[in-house]
Structure formats: C-alpha cells, structure tokens
Amino acid sequence: MDITNELKVALEKQEHLSVHYQPIYCVKNSEIHSLESLVRWNHQTHGYISPELFIPQSEKDGSIYELSLFVLKETCEMLKQHPDIKASINISPSLFKTDGFFNDFINTLKSHAIPAARIEVEITENLTIEHLKYGKHHLDYFKNIGITVSMDDFGDGLANFVQLLNYPFDKIKVDKQLVQNVSRNSCKYSILKHLIKLSHDMGMQVTAEGVENIEDFKTLIDFKCDYIQGFLISRALPKQQFFDFLTHFSTRENFIYN
C-alpha cells in the first residue's frame with residue numbers, strides 16, 4: 001500500500017478520514033474539562049490504518065499540513081455544538097518552519113468563531129535545536145492570544161526541564177509509559193510524584209495520559225495531578241458517541257469510586 005498517495009486521495013476527497021474525541025477529566029471540578037482530537041483512517045480496502053503508521057509518513061511527505069488542518073476544522077465544528085468544552089490539537093514540530101500553517105490555524109478558528117481560549121495545542125516532546133529556532137515565536141504568539149501550549153508525551157523520549165524553560169509551555173502531558181501501573185511501581189511512583197510537584201513549582205499544570213485502573217487514578221489524585229486521560233475515563237469516541245458520553249457522564253456521580 002502506498003500510504004502517501006492513498007492519504008493524499010483521502011484528504012482531497014475528504015473520504016474515510018474522521019476525528020475521534022477522547023475525554024479529559026478535570027480533578028479539581030470532577031468533570032470532563034476538555035477532549036483530545038485524534039484522527040482516524042478507515043481505508044476503503046485495507047480497513048483501519050494505525051495513526052502510528054500514517055502520521056509519521058505524513059510528516060515526511062508534507063501532508064501533515066493538510067491533515068492537521070482537517071483535524072482542526074472537524075474539531076471546530078464539534079466545539080460549535082458544545083460550547084462548554086475545550087479541545088486539544090496535536091501539532092507536529094515539522095510544521096514549525098511553515099509560516100502558512102500557523103496563519104491557516106488562526107484563520108480557521110476565526111472563521112468558525114472559536115475563541116483561542118478554547119484551544120490547547122500539544123507539541124511532541126521530541127524537540128530539537130532547529131525546532132527551537134523556528135518554533136518559539138509561533139508558540140509565544142499562541143500563548144499571547146490565549147491558546148494553551150502543552151508538551152505532549154513527556155517522559156517518552158529525551159525531553160528535559162531545560163527544554164521546558166526554552167518554550168512557553170503552560171502544561172505537560174505525561175506519557176502513558178510513565179503513568180501506567182504507577183501505583184505498583186516504586187520507581188514510577190517516585191518519579192511521577194516529584195515530576196508533578198516540580199511542574200507545579202514551575203507554573204505548569206499536568207495531564208496524565210494512559211490511566212486505565214482505579215489504583216493509578218487514586219495515586220494521581222494523591223499527587224495532585226490536574227487532569228486525567230485514559231481508558232478508565234473513556235476511549236476516543238466518534239462525535240455523536242462523545243456527546244452521548246457527556247450526557248451520561250454528568251449523571252454518574254462519584255463514578256470513579258463506585
């Protein structure tokens with residue numbers, strides 16, 4: 001299968017691509033605070049294509065530009081139908097050299113009348129010196145107009161707190177490899193506990209992703225983690241199922257502890 005050409009056709013025809021939404025739980029308010037928008041590709045012949053396969057390829061061939069705007073536009077349409085929730089959008093550092101993308105990003109928000117404060121951008125932690133050179137002014141601008149800027153997958157690669165000082169991050173999202181089974185792994189327990197405290201001391205909030213069991217959830221509550229995401233809350237859902245989830249969730253008092 002030629003992923004590059006097949007994805008190009010899917011983007012041109014706006015077929016077989018969709019966006020699913022994974023709820024993010026706010027610990028402070030005990031409610032769904034926001035969602036993460038995740039692209040899905042159900043190929044007409046080959047079926048489900050993993051994002052881990054086609055997203056890296058799209059970064060190489062440049063189609064990540066169109067793919068990212070597709071996700072943003074779909075997310076904006078969804079946000080118009082549910083005005084009380086925020087959305088997180090993933091942005092590849094490979095787009096940092098492309099000034100046109102950031103202009104298109106802002107114009108898309110304006111054309112859909114979505115306030116900047118309802119958007120969070122997640123940047124992968126795999127940042128390089130070159131990314132720093134080209135990307136910081138874009139993120140500074142995002143932050144200045146009210147968009148939340150978050151480092152995604154923290155702990156998955158080589159990122160460190162020096163990089164956090166070089167970028168205007170408001171939040172970090174801790175990678176699931178560090179989060180999963182934190183309640184039963186003493187090393188993860190110690191690292192994550194101090195990571196959350198240090199992030200707070202630096203003025204950043206923390207989202208933990210990949211939370212799948214109640215023990216890890218309660219441990220993260222004890223650590224004063226700000227937001228929690230994972231299958232314990234819900235998998236990523238198509239738009240209508242996401243709306244249904246929100247309706248039922250609001251009636252499930254103390255669902256975590258039942």
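A residue is called buried when its relative accessible area is under 20%, exposed when that area is over 50%, and partly exposed in between. The exercises below concern a predicted model.

**Exercise 1. Classify Phe245 and Phe249 as buried or exposed, and describe how their rings are arranged.**

Solution. 
- Step 1: Phe245 has 10% relative accessibility, so Phe245 counts as buried.
- Step 2: Phe249 has 7% relative accessibility and therefore also counts as buried.
- Step 3: Both residues belong to helix α10, where they are four residues apart, about one turn of the helix.
- Step 4: The ring centres of Phe245 and Phe249 are 5.5 Å apart and the ring planes stand at 40 degrees; the pair is therefore tilted.

**Exercise 2. Determine which parts of the chain the aromatic pair of Tyr21 and Phe242 ties together.**

Solution. 
- Step 1: The structure holds 13 aromatic pairs. In the pair of Tyr21 and Phe242, the ring centres lie 6.1 Å apart with the planes at 55 degrees, so this pair is tilted.
- Step 2: Tyr21 is found in strand β1 (residues 17-26), whereas Phe242 is found in helix α10 (residues 239-249), so the pair links parts that are 221 residues apart in sequence.
- Step 3: Tyr21 and Phe242 are both buried.
- Step 4: Elsewhere, one aromatic cluster is formed by Tyr65, Phe96, Phe101, Phe102, Phe105 and Phe142.

**Exercise 3. Describe the packing of helix α1 against helix α2.**

Solution. 
- Step 1: Two packed helices are described by the angle between their axes and by the distance between those axes.
- Step 2: Helix α1 (residues 3-13) and helix α2 (residues 51-61) pack at about 90 degrees, and their axes are 10 Å apart.
- Step 3: Angles of 65 to 115 degrees count as roughly perpendicular, and α1 is therefore roughly perpendicular to α2.
- Step 4: On the α1 side, the contact involves Ile3, Thr4 and Leu7; these meet Leu53, Phe54, Gln57, Ser58 and Asp61 of α2.
- Step 5: By type, the residues of this contact are four nonpolar, three polar and one charged.

Conventions:
Residues numbered from 1 in each chain as written. Predicted model: local features only at pLDDT ≥ 70, side-chain atom pairs only at ≥ 80, totals over all residues. Heavy atoms only, no water. Axes fitted to C-alpha atoms, helices over the stretch in contact; angles between N-to-C directions. Helix = DSSP H or I, 4+ residues; strand = E, 2+ residues; numbered from the N terminus. Parallel < 35°, antiparallel > 145°, perpendicular 65-115°, else oblique. Contact = heavy atoms within 4.5 Å. Nonpolar A, V, L, I, M, F, W, Y, C, P; charged D, E, K, R; others polar. Phe/Tyr/Trp six-rings, centres within 6.5 Å; stacked < 30°, edge-to-face > 60°. Buried < 20%, exposed > 50% of the residue type's maximum accessible area, 1.4 Å probe, protein only.
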